[in-house]
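Me: Could you walk me through how to read some features of a structure? I would like the general idea and then the case at hand.

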Amino acid sequence: MLCTRLTNAHILTMDPDHPVAHDLGIWRGRIVGLDEAVTSLPAREVVDLQGATVLPGFIDSHVHLAWAGLKANTPNIAPCERVEDVLAVVADAVERKPPGAWVDIAGYDQRALGRHLTAAELDRVGRGRRLFLMHDSGHACVVNSAVLELLPADVPHQDGFLVESAMTAVRRLRLPYSQEEIADAVELAARACLAEGITAVAEAGVGGGLLGHSPVELGAYQLLRDQGRLPLRVQLMAAGDTLHPLGAHRDDGIPRALDLGLRTGFGDDWLSLGALKIYTDGGMMARTAALTAPYEGMSHTGQLQDDPERLGRLIVDGHLAGWQLAVHAIGDRAADLALDALERAQELRPRPDARHRIEHAGLIRPDQLPRFARLGLSAVIQPNFLRSFGGDYAQIMGERRAPWMYRGRGFLDHGVTVVGSSDRPVTDGSPLRAVQFMVERASLSGRRIGPDEAVTVDEALHAYTVAGAYACRWDDTAGSLSPGKRADLVVLGDDPRRVDTARIGDIEIVATYVDGRRAQDAKA
């Protein structure tokens with residue numbers, strides 16, 4: 001007997017062998033068959049979907065759940081466009097904290113203000129508290145003098161504004177968060193994902209790096225799992241700086257590793273270790289993405305996270321240790337570094353199915369596309385970046401480079417796997433709104449950015465289902481609604497392939513199923 005049979009549905013399986021179905025049978029969290037194979041079988045529960053569209057559950061291959069959950073419960077200055085209004089929000093937050101405490105503020109973005117805040121301005125309302133305003137990009141912050149006094153003298157800043165490794169130095173002053181705090185934040189963010197039809201995510205960096213929250217951060221996810229509070233499937237990327245020299249046998253050829261040799265693939269269907277996350281540069285929003293030519297109207301080209309040789313060595317060492325690699329490279333100069341290092345790594349130890357990924361691939365020159373393909377890399381892009389920030393990004397890249405941003409068609413035409421993701425909470429996490437952008441290439445301001453990079457609706461959906469499963473090495477169990485795979489799916493109020501493109505992002509998420517069970521709060 002089936003556990004559940006979904007019937008009277010318009011099921012887009014994303015499986016070319018059986019692309020459309022009307023019935024789907026579920027037993028113990030797995031799909032056992034489609035259409036005639038299950039229509040006549042008895043089931044404990046029969047759900048008549050009344051013609052609703054069903055897709056595989058969306059896979060968001062690059063998120064920051066802990067950061068998203070913590071941000072949701074932090075005072076936010078995002079609506080503010082005047083310095084005075086920002087300081088008023090900060091002053092109110094300060095009132096709620098005891099003397100000497102840290103005060104976190106979310107939503108900082110200098111573009112809304114026209115300039116960066118200064119430590120002196122924050123000092124006016126700080127009242128002895130330590131103020132930390134996190135930049136929305138995750139690559140910068142602004143702090144007051146009470147924080148600057150705690151930093152070593154060699155940590156660079158501009159009147160309290162710190163970027164990349166300097167920001168990391170600030171964060172280390174007040175870390176770690178407790179496992180309970182992290183677990184609560186992760187659960188909150190994960191339930192927001194469910195409401196958007198997402199059934200599995202890859203957490204982009206735990207334990208270190210720019211955005212780690214504790215050296216024992218993985219334990220917070222295990223805590224959620226133990227307590228039955230992990231509502232979707234999570235793959236964890238270990239931050240690159242968590243690797244360290246170990247006394248492995250010389251024949252293993254492993255220069256650096258996690259303790260016990262843990263690497264990609266350890267875990268199960270609910271919680272596992274994924275790729276090794278390595279940062280090479282910053283971000284466009286903070287103007288720190290590493291470019292080969294200066295930002296338009298500026299005199300600098302962004303920055304790399306470290307000495308290029310050290311970064312390259314870390315990429316090679318991660319490959320030699322058997323990891324899948326997720327290399328953060330937004331600017332084209334950072335992409336050059338990543339491509340060079342990955343090519344060198346494959347020459348030293350060929351691993352044809354390594355499935356290395358470039359995270360973001362924000363600005364990729366035409367000459368770099370064949371190298372992506374030759375190395376078998378996936379491009380893990382964030383379409384909603386351009387939907388939300390496209391006008392600004394196009395301006396700082398200039399007319400010649402703007403069409404190279406967050407490509408779609410260019411990658412696909414070269415045989416590169418395009419993987420959809422959000423980088424939540426940097427911007428909107430909705431896969432359907434991202435799909436709409438991939439087809440329209442239109443920002444919220446109405447500006448079309450790189451229209452030649454547009455893809456079809458089917459190709460965009462593929463990026464959030466089949467390609468996401470491939471990039472996370474889940475392709476045997478997820479990404480399509482095929483017999484034997486996990487019964488993770490989303491029920492939509494309409495078919496993205498049939499509605500006007502402008503309506504795709506507003507399609508209702510009717511229900512989300514994980515492991516064959518409906519998430520009761522999917523519409524929350």
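Reply: Happy to. Let's begin with burial: buried means under 20% relative accessible area, exposed means over 50%, and partly exposed lies in between, using a 1.4 Å probe and protein chains only. This is a predicted model, in which local features need pLDDT of at least 70, side-chain atom pairs count only at pLDDT 80 or more, and totals for chains, interfaces and linings use all residues. Residues are numbered from 1 along each chain as its sequence is written, and side-chain values use heavy atoms, with hydrogens and water left out.

Me: How does Gln303 count by relative accessibility, and why?

Reply: Gln303 has 29% relative accessibility, so it counts as partly exposed. It lies in the loop between β17 (271-279) and α9 (308-320). Such elements are DSSP runs numbered from the N terminus: helices are H or I with at least four residues, strands are E with at least two.

Me: What does Gln303 touch, not counting residues up to four places away in sequence?

Reply: Contact means heavy atoms within 4.5 Å. With those sequence neighbours left out, the partners of Gln303 include Val163, Glu164, Asp281 and Arg333. As for Leu375, 72 residues apart from Gln303 along the chain, the two C-alpha atoms are separated by 25 Å.

Me: Now a pair of helices. At what angle do α2 and α4 cross?

Reply: Axes are lines fitted to C-alpha atoms, for helices over the stretch in contact, and angles run from 0 to 180 degrees between N-to-C directions. The axes of α2 (residues 83-95) and α4 (residues 119-126) come within 9 Å and cross at roughly 45 degrees. Angles under 35 degrees count as roughly parallel, over 145 as roughly antiparallel, 65 to 115 as roughly perpendicular and the rest as oblique. Therefore α2 and α4 are oblique to each other.

Me: Which residues meet there?

Reply: From α2 come Val83, Leu87, Val90, Ala91 and Val94, which meet Glu121, Leu122, Arg124, Val125 and Gly126 of α4.

Me: Next, polar contacts. Which side chain is joined to that of Thr427 by a polar contact?

Reply: A polar contact is a pair of N or O atoms within 3.5 Å; within protein, one must be able to donate a hydrogen and the other to accept it, and residues adjacent in sequence count only if both atoms are side-chain atoms. The side chain of Thr427 has such a contact with that of Ser388, at 2.7 Å. Thr427 counts as buried, at 14% relative accessibility, and is found in the loop between β21 and α14. In the loop between β21 (417-420) and α14 (431-440) there is also Asp428, whose side chain makes a polar contact of 3.3 Å with the side chain of Arg387.

Me: And the backbone: where are the cis peptide bonds?

Reply: One joins Leu175 and Pro176, with omega about 5 degrees. Another runs from Arg424 to Pro425, with omega near 10 degrees. Pro425 sits in the loop between β21 and α14.

Me: Is Ala361 buried or exposed?

Reply: Ala361 is buried, with a relative accessible area of 0%. Although not a glycine, Ala361 has a positive phi of about 45 degrees.
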